[in-house]
Each structure stands twice: as C-alpha cells, then as structure tokens.
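Please look at the model below. The paragraphs that follow go through it part by part.

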Amino acid sequence: MEALREVEAELTVYVHPSNAADVPRAVSRQLSGLLFSYEERFDGVLLAHEAQLVDEDNKENATKEEDKKEAKIEEDKKEAKIEEDKKEAKIEEDKKEAKIEEETEAKSKKKPKILKAKILNGLVPFFGVRVYANLLLFSPQPGMLLEGKVEMLGKESIHAVVLGVFSVAIMSDDIHEKFRFKRKSHGGRFLSRLDREHFIKRGTMIRFSVKSVDTEMNCHITGSLIPPHTGSMRWLSVHDAEYASEISRKSMDTSIKSEQNEQEHRILKNEDSMVKSERPHKSRKRSADNR
C-alpha cells in the first residue's frame, strides 16, 4: 500500500530511574505507548517498531586508537612548548606577586554576594537512552490511492475501513455519477450504469483516492471515487489494465520472495543434515566375543 512506509530513526527515549534494571523493556513500553496514534514528529501513525539500544562502549573503543594518535601529536607539541612556557611563567609569576597585594585590598572592601535558590517540586530525574529504531508508519497523503473494506453505505455516503483501523468517509459529491444507489433489504448497493457487474455493497473491497486527512481525528480520511482506477477492486482487477498489471507485479514479487525463503530454508536444512552425518555413530552390533 502506498501509504505504508518503513523508516529508520535515531531517537532519544527518556526512562524513569525505577526502570533502570531493564532498560530495553522500558524503551519498548515507551514506544508501544505511541502505537496507532498520529505522531507529528513521524508524520504518520506508528503501526510497529523494532528498537535497538546504541552501544556507547563500542563507539568509545572504536575511537580510542584515533584519540591515542592525536594525543601523541599533542604531547610532542606540548614538550616543544614547555621551555617557552617556563620562561613566560616566570615573568607571569613576577607580575602576579605584584598584584596580590592590590587584589587582597580590593576583596576586603567588597561585600560577599548572597545567592538564593529553591528546590522545584514535581521534577523527576529521567535519563535519556539513545535508540536506533525501525518504524512502520501509515502516512496517507492527498492524491494517494488506498484500499479499504466497506462497512456501511447509504444513498449519501460510503463508509469504509483501511487496515481494519482507519476510518474512511466518501460522501455523495465524491461518488462518480456513473454509480446509482439501489436500496435493498440487506442495506442496498451502488450499481454502475455502465456495467452491472461493477457494484459496491457492504463487505466490498474498494480502491479510492485520498481527498483529505484529518490528523486530529487520528488520520480520519475523506476519500473519492471520481478519479480513474477507483471502484470495486474485484471489478478493477479484470477491467482496469493498469490495476491488473500492478496486482500481477505484486504477486510476482511475493512469489520471488517466497522462493528465496524456501531456498534459504532448504540450504540450512542441508547444512544441518551434513553436520549430523559427520558426527561419529556408535555401532549397535555386538562383537562375537561379547555374545
């Protein structure tokens, strides 16, 4: 689906000190609290996450060698300047001794400043944890083509659900004029004037265009059936060449992935069998002497 996207993010998750004993679990719980809610920072609704804590120790070990080289260069420079610094230090000491008396007299005249402070109530010392996260987001944008299941319809509107969670409303002004509503005992249907096989009823999977998205209502979508390549997915898969080619391309990709997974599983199985065959086996036959 066009509105689904995977992103990699580097986050800082703030954890309460009481959860310091199990930081990964606390981080996962914090991210899970954002599931199925629109987050402006992600520009979408978080559907799934996989987080990994950043290992600061490995970073430090990787940079230690570079730091040693730089430290060696700095030491050489410092040794070259030691003699010059000694000379300058001697001159500075003479000047400081001359000013000590003046500074002591000035300090005795000045009054000490009194600093006032107070403890603020309600502050909790959370600590930040850096995290690398793979996020699956639902981020619909106007003009995208999405797919949903019709849950309810009437003469004035069609209401559907995307991914079983996000609501869609298609009002009568956004339903193509080729569709006419016919009321029946089971709730009615929209029937195409051009092809009676093209109809939309409760339970039909439809393809629609996104007209607008209300992020304040957790990505409530206003859709349209006026643009081309929209309508009943079952009818489009047969009569719409572009949609049919898209379906065949997706099915081909999934079949290739399944074949790759089967091949990898077959290779692993063969490797396991080879390892088992190499292990020494004890003979079950008894020798003639032991009989």
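Both Phe138 and Phe166 are buried, a word used for residues under 20% relative accessible area, with exposed meaning over 50% and partly exposed the range in between (1.4 Å probe, protein chains only). The model is a predicted one, in which local features need pLDDT of at least 70 and side-chain atom pairs count only at pLDDT 80 or more, while totals for chains, interfaces and linings use all residues. Residues are numbered from 1 along each chain as its sequence is written, and side-chain values use heavy atoms, with hydrogens and water left out.

The structure holds two aromatic pairs. For such a pair, rings of Phe, Tyr and Trp (its six-membered ring) must have their centres within 6.5 Å; planes under 30 degrees apart count as stacked, over 60 as edge-to-face and the rest as tilted. Phe138 and Phe166 form a stacked pair, at 4.3 Å centre to centre and with 15° between the planes. Phe138 belongs to strand β4 and Phe166 to strand β7 (residues 166-171), so the pair ties together parts that are 28 residues apart in sequence. Strands (E, at least two residues) and helices (H or I, at least four) are DSSP runs, numbered from the N terminus.

Strand β4 (residues 127-138) also contains Ala133. Ala133 is buried, with a relative accessible area of 1%. Which residues does Ala133 touch, not counting those up to four places away in sequence? They are Val7, Glu8, Ala9, Leu11, Glu50 and Ala51, where a contact means heavy atoms within 4.5 Å.

Gln52 stands opposite Tyr132 in β4. This belongs to the pairing of β3 and β4, which is antiparallel and covers eight bridges; two strands pair if DSSP finds at least two bridges between them. Strand β3 (residues 44-53) is also joined by two bridges to strand β2 (residues 38-39), and these two run antiparallel. Here Tyr38 stands opposite Val45 in β3. The hairpin of β2 and β3 has four residues between the strands, and Asp43 takes a positive phi near 55° in it.

Three strands form an open sheet in the order β8-β9-β10, with antiparallel pairing. β8 (179-182) and β10 (199-200) stand at the edges, each with a single partner strand, so one side of each has no neighbour in the sheet. Four bridges join β8 to strand β9 (residues 189-192), and Arg180 stands opposite Leu191 in β9.

Strand β11 (residues 205-214) contains Arg207. Arg207 is buried, with a relative accessible area of 6%. Its side chain reaches the backbone oxygen of His229 at 3.4 Å. This is a polar contact, a pair of N or O atoms within 3.5 Å; within protein, one must be able to donate a hydrogen and the other to accept it, and residues adjacent in sequence count only if both atoms are side-chain atoms. Arg207 touches several residues, among them Leu145, Glu147, His229 and Tyr243.

His229 is also touched by Asp240, as is Trp235. Asp240 sits in the loop between α3 (233-239) and α4 (241-278). Is Asp240 buried or exposed? Asp240 is buried and has no salt bridge, the nearest side chain of opposite charge being Arg207, 5.8 Å away. A salt bridge is a side-chain nitrogen of Lys or Arg within 4 Å of a carboxyl oxygen of Asp or Glu; Lys and Arg count as positive and Asp and Glu as negative, while His and the chain ends are not counted. The side chain of Asp240 does reach the backbone nitrogen of Tyr243, at 3.0 Å.
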